[in-house]
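Me: I would like to go through the labels attached to this structure one at a time, asking in each case what the label rests on.

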Amino acid sequence: MLARIQQVITISLAASALLWMVIHWSTSPLLAVSGLLLILLGYSAFLGLEFIALRMVGAEDTAPTPSTRQLLRAWIGETLMAPRVFCWRQPFRSNAIPDQLGRPSAGSRRGVVLVHGFFCNRGFWTPWLKRLEEAGNPFVAVNLEPVFGSIDEYADTIEAAVQKVIRATGMPPVLVCHSMGGLAARAWLRKTGGGVHVHHVITIGTPHHGTWLGRFSKIANGSEMRLSSAWLSELHTHEAGSNRCAFTCWYSNCDNIVFPVSSAALPGADNRLVEGVAHVQLAFDARVLGGSLAIIGAL
């Protein structure tokens, strides 16, 4: 479903930009080019507003305050990364690399379940899937649906993926989760008591304590990610006293979606700050990708 939605959005934007160019080129090439760029790059202005909000809201956060230069570089990086993910990988290449499980073997490498975030699908993980394939790690990358449903509704999807990996490898997998995917993993743990079925959980830019931007959402999963939402409070209460050493949490002081920045860290977890990297960028940063693969390879 998500792939179809993003296909329509991408094709509509491209067609609108081309139509504007054709209509106005003969009378005003400058207007034609300006309109084309506005249609194709207008999203960058919204990203810029997110970075401004991050700076303002995070002024009293305990995490390192991003410099203006860091924010500018993160804004440019996210502007370049967003179309690669939302206009190519997810709408048109979501199944380019299928899940790989192989045959059950006591000597198998540790399996991995990859859980994407809000308004994403398994195509988000394409660079990760290539690296896991090269390393010989079995993997399953899920599609979380309904796209705008409650985070609790994703537990069964994660459970099915985890069981596939366990049957293929004979070992509990590592979960790698971006953004909302980390909350979906915690919701799965709460529902299934699946601690014995997962070896380690890696979260990347996950709003573990919510995000300021959640206040603007009117849909189920977006509302659940509001700062101190009832859903998050219930989740934290259920986890009280649990062992968080099985979590590694990557987060950034330039995350334009999850802020205040410290909301992406978990008490007792291996929290790893990466400075100067935006929300989507964070999942593909060499330090995060390489560091996570090193964790997986060592387990």
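Me: Why is His 208 called buried?

Reply: The model is a predicted one, and in it His 208 has a relative accessibility of 0%; since buried means under 20%, His 208 counts as buried. His 208 is found in the loop between β4 (200-204) and α8 (220-224). Residues up to four places away in sequence aside, His 208 touches Leu 183, Arg 186, Thr 203, Leu 232, His 236, Cys 249, Ser 263, Ala 264, Ala 265 and Leu 266.

Me: What makes α7 oblique to α9?

Reply: The axes of these two helices, α7 and α9, come within 11 Å and cross at roughly 50°. Angles under 35 degrees count as roughly parallel, and 65 to 115 as roughly perpendicular, with oblique kept for the rest; α7 is therefore oblique to α9. The crossing of α7 past α9 is left-handed.

Me: Which residues make the contact of α7 with α9, and how do they divide by class?

Reply: From α7 come Leu 183, Arg 186, Ala 187 and Arg 190, while α9 brings Trp 231, Leu 232, Glu 234, Leu 235, His 236, His 238 and Glu 239. Sorted by class, the contact of α7 with α9 holds five nonpolar, two polar and four charged residues.

Me: And what makes α6 roughly perpendicular to α7?

Reply: Here α6 and α7 pack at an angle of about 85°, their axes being 9 Å apart. Because the range from 65 to 115 degrees counts as roughly perpendicular, α6 is described as roughly perpendicular to α7. On the α6 side the residues are Ala 155, Asp 156, Ile 158, Glu 159 and Val 162, and they meet Ala 184, Ala 185, Ala 187, Trp 188, Lys 191 and Thr 192 in α7. The contact of α6 with α7 is made up of seven nonpolar, one polar and three charged residues.

Me: Which residues of the largest nonpolar core touch the most other members?

Reply: That core has 31 residues, and those touching the most other members are Val 113, Val 115, Leu 144, Ile 151, Ile 158, Leu 175 and Trp 188. The elements giving two or more residues to this core are β1 (112-115), α6 (155-169), β3 (174-178), α7 (180-192), α9 (230-239) and β5 (247-252), and α7 gives the most, with seven residues. A second, separate core of 29 residues includes Ile 97, Ile 202, Ile 204 and Trp 250.

Me: With which residues is Val 113 in contact, leaving aside its neighbours within four places in sequence?

Reply: Val 113 is in contact with Val 140, Val 142, Ala 161, Val 162, Val 165, Pro 173, Val 174, Leu 175 and Val 176, once those neighbours are left aside.

Me: Why is Ser 228 called exposed, and why is Phe 119 called partly exposed?

Reply: Ser 228 has 63% relative accessibility and so counts as exposed, the cut-off for that word being over 50%. Phe 119, at 23% relative accessibility, counts as partly exposed, because partly exposed covers what falls between the buried limit of 20% and the exposed limit of 50%. Ser 228 lies in the loop between α8 and α9, and Phe 119 lies in the loop between β1 and α5 (126-135).

Me: What is phi of Phe 119, and what is phi of Ser 228?

Reply: For Phe 119 phi is near 55°, a positive value in a residue other than glycine. For Ser 228 phi is near 55°, again positive in a residue other than glycine.

Me: Which omega goes with the peptide bond from Glu 145 to Pro 146, and which with the bond from Phe 259 to Pro 260?

Reply: The bond from Glu 145 to Pro 146 is cis, with omega near 5°, and Pro 146 sits in the loop between β2 (139-141) and α6. The bond from Phe 259 to Pro 260 is cis, with omega near 5°, and Pro 260 is found in the loop between β5 and β6 (270-274).

Me: Why does Lys 130 count as partly exposed?

Reply: The relative accessibility of Lys 130 is 45%, and Lys 130 therefore counts as partly exposed, given that exposed requires over 50% and buried under 20%. Lys 130 has its place in helix α5, and its C-alpha atom is separated by 7.6 Å from that of Ile 97, 33 residues apart along the chain.

Definitions and conventions: Residues are numbered from 1 along each chain as its sequence is written. This is a predicted model: local features need pLDDT of at least 70, side-chain atom pairs count only at pLDDT 80 or more; totals for chains, interfaces and linings use all residues. Side-chain values use heavy atoms; hydrogens and water are left out. A nonpolar core is a set of buried Ala, Val, Leu, Ile, Met, Phe, Trp, Tyr and Cys residues joined through side-chain atoms within 4.5 Å. Buried means under 20% relative accessible area, exposed over 50%, partly exposed in between (1.4 Å probe, protein chains only). Helices (H or I, at least four residues) and strands (E, at least two) are DSSP runs, numbered from the N terminus. Contact means heavy atoms within 4.5 Å. Axes are lines fitted to C-alpha atoms, for helices over the stretch in contact, and angles run from 0 to 180 degrees between N-to-C directions. Angles under 35 degrees count as roughly parallel, over 145 as roughly antiparallel, 65 to 115 as roughly perpendicular and the rest as oblique. A crossing is left-handed if the near helix is turned anticlockwise from the far one by less than a right angle, and right-handed if clockwise. Ala, Val, Leu, Ile, Met, Phe, Trp, Tyr, Cys and Pro count as nonpolar, Asp, Glu, Lys and Arg as charged, and the others, Gly among them, as polar.
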